[in-house]
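Dear colleague,

Here is the structure I promised to hand over, and I would be glad if you opened it before reading on. My notes on what was found in it follow below.

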Amino acid sequence: MPPRRPRALLAVLTVVLGAALTACGDTGSLAGAGPTQVAVSPARLWPKLTPASSPAYDIDEVEREVVKGVSVPGDDLRKVDPAEIVRAEIAAHPDRYKAGGKSGETFPDTARLVRDACGQGPERGRCPVLKPYYRDLTGDGHDDLALGFRLLPGPMTAVRVYTVDRHRLVQIMKWEDAVSAVEVAGRSLVLSSPSDLARYEYRLEWTWDPDQKAMLLTHDEMVRTGSGVRPGHPARKPSSSPAPSPSASGSASPSASGSAGER
């Protein structure tokens with residue numbers, strides 16, 4: 001035999017139920033949202049197509065390199081001169097930074113100005129090195145360095161990300177392109193670059209990968225923007241490889257956007 005409920009509780013439930021039924025007839029009652037769209041599952045095209053076993057283009061998915069000749073006092077990246085890091089890259093890849101170099105596109109003005117105009121620090125005078133930003137992008141509890149510098153002559157900007165591993169300065173990301181903006185989102189850098197198509201831009205997301213111990217290009221898309229102006233910019237082409245990227249191949253700079261803000 002079920003337990004008997006107190007009369008007072010039954011009275012309360014009756015009042016609440018009556019109020020609920022009355023509310024259903026009010027103008028604020030729930031309304032149907034219409035028919036639900038039918039879910040469409042993915043359909044595989046050309047199922048007999050032989051799967052590719054290797055990439056068609058070398059886009060340098062993993063850019064991890066120990067920087068030679070630059071020490072990190074106390075493993076603190078804030079104690080390293082950003083211009084010194086750029087000078088080390090120029091010394092390691094001289095053909096890219098001298099006129100008539102064999103690497104194709106060259107940036108001799110960058111080498112000259114880093115040598116002659118960066119004595120007062122980044123973004124002082126004609127120094128092409130941009131303001132450095134420090135964020136924990138690797139998740140180890142220590143700040144990493146996002147560094148940008150202008151590739152001159154021309155409108156392109158280089159972006160590099162560095163961390164400290166075993167007391168060594170290690171480059172974990174490298175990209176170059178015309179740049180609209182750069183944002184930090186968690187363990188990712190989101191780089192925006194202009195497109196030849198009016199009202200669209202390229203957006204690339206680079207994210208730290210603990211297995212590769214580098215930042216990988218995890219998202220690459222073309223997105224619509226609110227601007228109707230067709231921006232001018234150099235043709236998108238790879239900066240560190242002769243083969244074209246499927247949809248983008250350049251780089252960006254953390255100083256190109258205020259959204260990355262210095263901590």
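A search of the whole structure, which is a predicted model, finds two aromatic pairs. In one of them, the ring centres of Tyr97 and Phe107 are 6.2 Å apart and the planes stand at 50°, so this pair is tilted, given that stacked pairs have planes under 30 degrees apart and edge-to-face pairs over 60. Both Tyr97 and Phe107 lie in the loop between α2 (82–92) and α3 (108–116), so the pair ties together parts that are 10 residues apart in sequence.

Leu152 and Pro153 are joined by a cis peptide bond, with omega at about 0°, and Pro153 has its place in the loop between β3 (144–151) and β4 (156–165).

Which residues have a positive phi although they are not glycine? One of them is Glu123, whose phi is near 60°; Glu123 is found in the loop between α3 and β2 (133–135), where it is partly exposed, with a relative accessible area of 43%. Another is Arg199, with a phi of about 70°, which lies in the loop between β7 (188–194) and β8 (200–209) and is likewise partly exposed, its relative accessible area being 36%.

With kind regards

Note on methods
Residues numbered from 1 in each chain as written. Predicted model: local features only at pLDDT ≥ 70, side-chain atom pairs only at ≥ 80, totals over all residues. Heavy atoms only, no water. Phe/Tyr/Trp six-rings, centres within 6.5 Å; stacked < 30°, edge-to-face > 60°. Helix = DSSP H or I, 4+ residues; strand = E, 2+ residues; numbered from the N terminus. Buried < 20%, exposed > 50% of the residue type's maximum accessible area, 1.4 Å probe, protein only.
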